[in-house]
Amino acid sequence: MIILSNFGITFYVGLLCLSYLFIVVYHFLLNHIMIIFDKSVSDHYIIYKLVSNGGKIMSGRGTRMKVKGEGCYYHLMNRTSGCRGEKPFNRVDMEYGFRLLQNLCEYFLIEVISAAWMGNHFHVVVYSPGPDELPSIEDIARRHNNYYGSMLEKFTYAPKQMPKINPANPETCREVGLKMIDISYFMRAFQQRFTVVYNQSRDRIGKLWANKFKSVILDSRNSLEACVLYVELNPVRAGLTTDPADYHFTTWGRYCGTGKHLFQANFVKHLKENIWHRDTSEWTDNDLFSYFRSELARIVAAESGASSEEIFEAQERAKRKESMPIRFLRRTRHFSDGAILGSKLFIREMGAKFDNPDRVNKKQLSRGLGPAGAVIYCFRKLQQ
């Protein structure tokens, strides 16, 4: 009996040890396999997943709200990880951020309208064209091949063989074209490339961004202009300047400082046709810039508690390109925390594409005033 008992105990302990060893080895191999897979996943695999998921990049935290089948305006933003109050971006980083946006616009068909770089976050307002706005198969192939071909001349680390596409393969060209108008691909390229340069410049490793980027769907007629104004007023609201024209790291500040708007064609095209409360049919570019300058001055003056006469004078001075050194006292969060901005009808139509229509219709909407006193409604993010 003593021999059997010792044998049984030894066998039992050995079995427990083997089980524990198996679990440790299993998790070790699983983690390393996943790491290897994540590092080696190819762009073609990502494209395949995009197509197989019906045009959406899936994630464990739910599907991003993206309008399918038609063009749409978005407010895109993200901030860095780290302690609250830290501002890791310096002037060189923010300058590179603008140059990177310009570079990516040579490849992507996303149209940047406005952008702002702050000490720990950025804002970008864009128009994402619909599939019916794609150029011809030949133009897509030419745009793709020219961009990657130019990398051989610009970058010493570029691979010797670039991923060229052939117009004779229209399906591949169309897949690439759909990628060119997708905000998820655009932001992935933007954030990854910025992170690489940021980390290299500091001999740093690890993630830079706190979370996935935020995206807010904008109603062109009601919230596009208001959102662009919101983005350009960020440095004033942060107390960095009293005049948005004096801050160099917004598209408006750079325009005021240099006389050149980085994305002037997009700015003029999209704002001019969507300022519904004015007749802009005969406006020149200068007329639009004068109007926008006066709107910035009006908002700053109004929210600083100025009288109606003072607000009017501020607008008139702004039209004459005079500075408006008035502190901005109030900050609105709908442009960052909302999901869809616009009229009630626009929100009902867009919200129904992502959730139960009855629930959307019953949803209580936040509201505020936009340009010319137009009411803008905000639909908060849906819980996944």
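In which handedness of crossing does H7 pass H11? The crossing is right-handed. Keep in mind that what you're looking at is a predicted model.

Let's stay with this pair of helices. Two packed helices are described by the angle between their axes and the distance between the axes. Here, the axes of H7 (residues 224–232) and H11 (residues 285–303) come within 11 Å and cross at roughly 70°. Angles of 65 to 115 degrees count as roughly perpendicular, so H7 is roughly perpendicular to H11.

Who does the touching? Here are the residues on either side:

| Helix | Residues in the contact |
|---|---|
| H7 | Glu225, Val228, Leu229 and Glu232 |
| H11 | Tyr291, Phe292, Glu295, Leu296 and Ile299 |

Sort them by class and you get six nonpolar residues, three charged ones and no polar ones.

Now for the nonpolar cores. The largest one has 59 residues, and the members touching the most others are Trp117, Phe194 and Ile340. Helix H6 gives the most to this core, eight residues. If you skip its neighbours within four places in sequence, Phe194 is in contact with Phe89, Asp93, Tyr96, Gly97, Leu100, Trp117, Leu208 and Trp209. Apart from this core lies another, with 35 residues, including Trp283, Phe289, Tyr291 and Leu341.

Last stop, a loop. Asp203 sits between helix H6 (183–201) and strand S4 (214–218). Its phi is near 50°, a positive value in a residue other than glycine. Is Asp203 buried or exposed? With a relative accessible area of 77%, Asp203 is exposed, because the cut-off for that word is over 50%.

Notes: Residues are numbered from 1 along each chain as its sequence is written. This is a predicted model: local features need pLDDT of at least 70, side-chain atom pairs count only at pLDDT 80 or more; totals for chains, interfaces and linings use all residues. Side-chain values use heavy atoms; hydrogens and water are left out. Helices (H or I, at least four residues) and strands (E, at least two) are DSSP runs, numbered from the N terminus. Buried means under 20% relative accessible area, exposed over 50%, partly exposed in between (1.4 Å probe, protein chains only). Axes are lines fitted to C-alpha atoms, for helices over the stretch in contact, and angles run from 0 to 180 degrees between N-to-C directions. Angles under 35 degrees count as roughly parallel, over 145 as roughly antiparallel, 65 to 115 as roughly perpendicular and the rest as oblique. A crossing is left-handed if the near helix is turned anticlockwise from the far one by less than a right angle, and right-handed if clockwise. Contact means heavy atoms within 4.5 Å. Ala, Val, Leu, Ile, Met, Phe, Trp, Tyr, Cys and Pro count as nonpolar, Asp, Glu, Lys and Arg as charged, and the others, Gly among them, as polar. A nonpolar core is a set of buried Ala, Val, Leu, Ile, Met, Phe, Trp, Tyr and Cys residues joined through side-chain atoms within 4.5 Å.
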